[in-house]
Amino acid sequence: LPNLLSLAQSMETSPCVSIDCTNNSCKALIISFVEKVIQKPIVIISKDTSSHDQLIENIPFFSKTTSLELPGLPESAEDSFFSNPEIIGERFKTLHQLYNSKKPFFIFTEIQAFKNPILSPQTLNEKCLQISKGQSIVFSLLTEKLFELGYNLKDLTPYPGEFSKRG
């Protein structure tokens with residue numbers, strides 16, 4: 001326990017630490033302990049998706065803190081940032097929470113995710129359009145924002161990243 005406490009305290013001055021355990025339960029315990037001490041968001045970077053998937057499964061045994069994922073685009077899609085709307089949406093959601101939340105949480109990601117652009121808080125806020133139930137919105141503004149975000153106008157929309165105009 002004293003070593004865990006010194007690890008957590010050292011993270012307040014040195015924000016990066018490498019935890020090298022073969023057991024994902026052990027990693028999850030250490031990460032959750034550190035979060036309880038520093039009370040800040042923690043970004044966990046792993047070498048691949050399977051590594052952080054196992055951690056995501058183990059964290060709830062030790063912590064009730066929210067876990068988010070910052071996915072990377074598949075290597076084949078790197079040239080076109082907006083090529084996968086589901087992944088882009090997940091990235092936007094995670095970054096929005098990172099920039100705006102006052103509560104601690106875990107962000108799980110892999111090295112691949114940092115090969116893709118990460119929007120600044122200002123750019124993210126410019127790209128977001130929040131719509132509430134009952135709110136009036138200029139239709140042309142909505143379609144302009146959808147085009148800007150890489151959505152495609154289609155007659156039918158069976159796939160994510162598509163939209164249609166009706167009526």
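This report walks through a predicted model of one protein, from its overall layout to a few of its helices, strands and residues.

**Overall layout**

The protein holds six helices and five strands. Following the sequence, these elements come in the order α-α-β-α-β-α-β-α-α-β-β. The protein has 167 residues, and 33% of them count as buried. If you look at contacts between residues at least 6 apart in sequence, 61% join residues at least 24 apart. The accessible surface comes to about 10800 Å², with 54% of that belonging to carbon and sulfur atoms.

| Helix | Residues | Number of residues | First to last C-alpha | Expected span |
|---|---|---|---|---|
| α2 | 24–38 | 15 residues | 21 Å | 21 Å |
| α4 | 85–100 | 16 residues | 22 Å | 22 Å |

Let's begin with α2. At its start, a side-chain oxygen of Asn23 comes to within 2.7 Å of the backbone nitrogen of Ser25. The buried residues of α2 are Asn24, Lys27, Ala28, Ile30, Ile31, Ser32, Val34, Glu35 and Ile38. After the helix comes Gln39, with a positive phi near 55°.

In α4, the buried residues are Ile87, Ile88, Arg91, Phe92, Thr94 and Leu95. As background, an α-helix has 3.6 residues a turn, so residues three or four places apart point the same way. What do the buried residues of α4 pack against? Their partners are β2, β3 and α5 (121–127).

Strand β2 covers residues 67–70. Its covered face carries Leu68 and Leu70, while Ser67 and Glu69 sit on the uncovered one. β2 pairs with strand β3 (residues 106–110) in the parallel sense, over four bridges. Within this pairing, Ser67 stands opposite Phe106 in β3.

**A closer look at Ser63**

Ser63 sits in the loop between α3 (49–58) and β2. Is Ser63 buried or exposed? Its relative accessibility is 7%, and because the cut-off for buried is under 20%, Ser63 counts as buried. The side chain of Ser63 makes a polar contact with the side chain of Thr65, at 3.0 Å. Setting aside neighbours within four places in sequence, Ser63 is in contact with Ser32, Glu35, Lys36 and Phe106.

How values were computed. Residues numbered from 1 in each chain as written. Predicted model: local features only at pLDDT ≥ 70, side-chain atom pairs only at ≥ 80, totals over all residues. Heavy atoms only, no water. Buried < 20%, exposed > 50% of the residue type's maximum accessible area, 1.4 Å probe, protein only. Helix = DSSP H or I, 4+ residues; strand = E, 2+ residues; numbered from the N terminus. Pairing = 2+ DSSP bridges. Expected span 1.5 Å × (residues − 1). Polar contact = N/O pair within 3.5 Å; in protein donor to acceptor, adjacent residues only side chain to side chain. Contact = heavy atoms within 4.5 Å. Areas by Shrake-Rupley, 256 points an atom, 1.4 Å probe, with all protein chains shown as cover.
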